[in-house]
Amino acid sequence: MIRFDILSIFPEMFESPFSSSLIKKALDRHIIDVRLHDIRGYAVDKHRMTDDYPYGGGGGMVMKVEPVARALDDIVSEESDCRVILMTPQGEPFSQKIAEDLARCNHIVIICGHYEGIDERISENLVDREISIGDYVLTGGELPAMILVDAISRLVPNVLGNNESALFDTFATGLLEYPQYTRPQEYRTWTVPEVLLSGDHKKINQWRRKKSLERTLMKRPDLLEKAPLSEEDMRLLEEIRKETE
Ligand code: ADE
């Protein structure tokens, strides 16, 4: 069981993505637990302000430190193996490796940043890790938080069914996945590769491995440099290079 606590000024944004598909199933089966917290509820002043003007001037508003600190005081307990994460475009780039890392914790607290900036004292004193989902800027950390919850949850045992094992995912093997086909055997003039209909599993596995290598070489050559490759893989790569010359 893994528990997520999400701090946001728009907790209602999470209702729809968590009410369908595998995440809903995992929630219903109590394999994961997601608790939403409205940061506004922890604001100290009567207007429930969660942002304020920046010291030193300049445009935009800054997310205040007290409401976030008070929320964390409430949520974070000393006993659990808890990580506090801030979603921000300035964080380390999210990856399968980070998802695997975090899937080993039993309690993850995610702060969704907002406004032009976040009081630096939040990152300095309250956060274990800052994570970005990519080099683009969104209106807030809510969508990034959903991505984190989704990518981590599917690695938690029993969230995926047996047939959807994460073991052979793109990235888990270090290579892109081989192409898949299902019925019909022919649609318009588009046919399924003959080898997949042959029933020869040795040949099929070899074809799939070669396709994985070929795709990775074409689309993500950067991944090939880090992927664990066997001698047979090197031979297949040589074959691919010759074929594409
Ligand atoms: N908040 C706004 N943009 C973001 C991004 N790219 N990653 C994480 N949090 C964000």
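Is Arg83 buried, partly exposed or exposed? Arg83 is partly exposed, because its relative accessible area is 31%. Here, buried means under 20% relative accessible area, exposed means over 50%, and partly exposed covers what falls in between (1.4 Å probe, protein chains only). The structure is a predicted model, in which local features need pLDDT of at least 70 and side-chain atom pairs count only at pLDDT 80 or more, while totals for chains, interfaces and linings use all residues. Residues are numbered from 1 along each chain as its sequence is written, and side-chain values use heavy atoms, with hydrogens and water left out.

A salt bridge is counted when a side-chain nitrogen of Lys or Arg lies within 4 Å of a carboxyl oxygen of Asp or Glu. The whole structure contains 17 of them. In one, the side chain of Arg83 meets that of Asp81 at 2.7 Å, N to O; Asp81 is partly exposed, with a relative accessible area of 33%. In another, Lys64 and Glu66 pair through their side chains at 3.6 Å, N to O. Lys64 counts as buried at 16% relative accessibility, whereas Glu66 is partly exposed at 33%.

A further pair sits within a helix. Helices (H or I, at least four residues) and strands (E, at least two) are DSSP runs, numbered from the N terminus. Arg235 and Glu239 both belong to helix H8 (residues 231–243), 4 residues apart, or about one turn of the helix. Their closest N and O atoms are 2.7 Å apart in a salt bridge. Glu239 is partly exposed at 28% relative accessibility, and Arg235 is partly exposed at 38%. Both take part in a network of salt bridges that links Lys210, Glu232, Arg235, Glu239 and Glu243.

Next comes the ligand. A backbone N or O atom of Tyr136 lies 2.8 Å from a ligand nitrogen, a polar backbone atom of Ile133 is 3.0 Å from a ligand nitrogen, and for Gly134 the corresponding distance is 3.2 Å. Taken alone, the ligand exposes 260 Å², and the protein buries 97% of that.

Accessible areas come from the Shrake-Rupley method with a 1.4 Å probe, and for residues only the protein chains shown count as cover. Met13 lies in the loop between strand S1 (2–8) and helix H1 (21–28) and is partly exposed at 37%.

Finally, Ser212 in helix H6 (residues 201–219) counts as buried at 8% relative accessibility. Leaving aside residues up to four places away in sequence, Ser212 touches Leu175, Leu176, Glu177 and Tyr178, where contact means heavy atoms within 4.5 Å.

How values were computed
Polar contact = N/O pair within 3.5 Å; in protein donor to acceptor, adjacent residues only side chain to side chain.
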